[in-house]
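Here are some notes to read with the model open beside you. Take them in order, and keep the viewer handy.

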Amino acid sequence: MASSVEIIESLNKDTLKTDIPVMNVGDTLNVHFRIVEGEKERIQVFQGVLIARSGRGINEMMTVRRIVDNMGVERMFPAHSPRVAKYEVLRRADSRRAKLYYLRDRQGKSRRLRDRRRGMKLVDGVPTVGGAVVEASAPAAAE
Amino acid sequence: MTTTLFGRKLGMTRVFNDQGVLVPVTVLEVGPCVVTQIRTPEKDGYAAVQVGYDDLKPRNSTIPMIGHDAKAGTEAKRLHGEFKINAGKIGEYTLGQTLKISDLGGVTYVDVVGTSKGKGFQGTMKRHGFKGLFASHGTERKHRSPGSIGGLCSNRGFGGGLKKGKRMAGHMGDVRVTARSLDVVRVVEDRNLILVKGAVPGANNGFVMVRPAVRLNRAKTKKVAAKK
């Protein structure tokens, strides 16, 4: 008989997404979030810097921070939420921390992160967690 | 009472519901249970159904229990339990019948009965939520004390002792606890799984009893009425 942990993980398996691009803290993302208004459904794009990933598996949360009218806005998304239609990686950045909470205290230029990964060139195409490679999205300026 | 099934608490996780909201759930393995005995008013003085749950190696059972289960035509079972029924409903159950989640009748709310985790000997603050004494103002070595347990005139029972039931320190947990009217989030019938919203008493792999909710609170009663 399967152990209880195995049963629970097999239940979660169906909900876990395999098409999430490989993202690291510091990357600038477009999060396409489904919003249901009555009957209609539309997609809202939230662009910002991924400042933290916490949790594992179904519990994984992504914290995305952006600046709106000089005001910091952070949103947390369950990584595997069916309401997130798509993640797009716009820019990869160099980060030496797992959690970029220090960005909250930064102003102006120092808020920016060094582009590209150390010793690594811009990734051609975006590999996903599931192994497939999605076509690279058009690079766009973050801020 | 309606059909009650026995099972195990497997653990907790989270699932996305139809609206895409993460819901905390407890995964329960419920059944299959085999009817091992039927209690009748003529013979036993009450009407009930005894069921067995979870196979175990015969060498871990006892010969009387193996024989008892064999009468119902099944392997030795680990857990046996009864649920009462109306005397008129005895005909609906037969010896050796297998009861599954579907026999609960497509429930939306269930009661889950389990044995809570044992906490050992605990003081009144943890066990009963007493506030303890002051942290300072001269209080010494009595910060978590229950205080006075009653003078001559209060809480006095008959004779010299205290009133029975006076809340004091003692063993906490490891008692039967019922979590009422839990939402059924998902049912996986072919794997005998029920996912209920929220927590359920007891440790993982502990035995639980699952029955359709006996009594709903006002909000949930309204919800059921609205659906109809």
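Which side chain does A:Arg104 meet in a salt bridge?

1. The partner of A:Arg104 is A:Glu74, with N to O at 2.7 Å. A salt bridge here is a side-chain nitrogen of Lys or Arg within 4 Å of a carboxyl oxygen of Asp or Glu. The pair links distant parts of the chain, 30 residues apart: A:Glu74 sits in strand S4 (residues 71–78) of chain A, and A:Arg104 in the loop between strand S5 (84–91) and strand S6 (126–127). Helices (H or I, at least four residues) and strands (E, at least two) are DSSP runs, numbered from the N terminus.

2. Before going further, some housekeeping. This is a predicted model, so local features need pLDDT of at least 70 and side-chain atom pairs count only at pLDDT 80 or more, while totals for chains, interfaces and linings use all residues; side-chain values use heavy atoms, with hydrogens and water left out. Residues are numbered from 1 along each chain as its sequence is written, and chains are lettered from A and ligands numbered from 1 in the order in which they are written.

3. Back to that pair: buried or exposed, or in between? A:Arg104 counts as partly exposed because its relative accessibility is 39%, and A:Glu74 is partly exposed too, at 29%. The cut-offs are under 20% relative accessible area for buried and over 50% for exposed, with partly exposed in between (1.4 Å probe, protein chains only). A:Arg65 joins A:Glu74 and A:Arg104 in a network of salt bridges.

4. Now have a look at chain A as a whole. It has one helix and seven strands, in the order α-β-β-β-β-β-β-β along the sequence. Of its 143 residues, 37% are buried.

5. How many salt bridges turn up over all chains? A search of the whole structure gives 15. One of them is between A:Glu37 and A:Arg42, at 3.2 Å from N to O. Here A:Glu37 is partly exposed at 44% relative accessibility, and A:Arg42 is partly exposed at 38%.

6. Over in chain B, B:Glu82 forms a salt bridge with B:Arg39, and their closest N and O atoms are 2.5 Å apart. This pair also links distant parts of the chain: B:Glu82 is in strand S5 (residues 77–84) and B:Arg39 in strand S3 (residues 33–39), 43 residues apart. B:Glu82 is partly exposed at 29%, whereas B:Arg39 counts as buried because its relative accessible area is 18%.

7. Strand S4 (residues 48–55) of chain B holds B:Gln50, which is buried at 10% relative accessibility. The side chain of B:Gln50 makes a polar contact with that of B:Thr36, at 2.7 Å. A polar contact is a pair of N or O atoms within 3.5 Å; within protein, one must be able to donate a hydrogen and the other to accept it, and residues adjacent in sequence count only if both atoms are side-chain atoms. B:Gly52 is found in strand S4 of chain B as well, and is buried with a relative accessible area of 0%. B:Gly52 and B:Leu5 are 47 residues apart in sequence, with their C-alpha atoms 9.3 Å apart in space.
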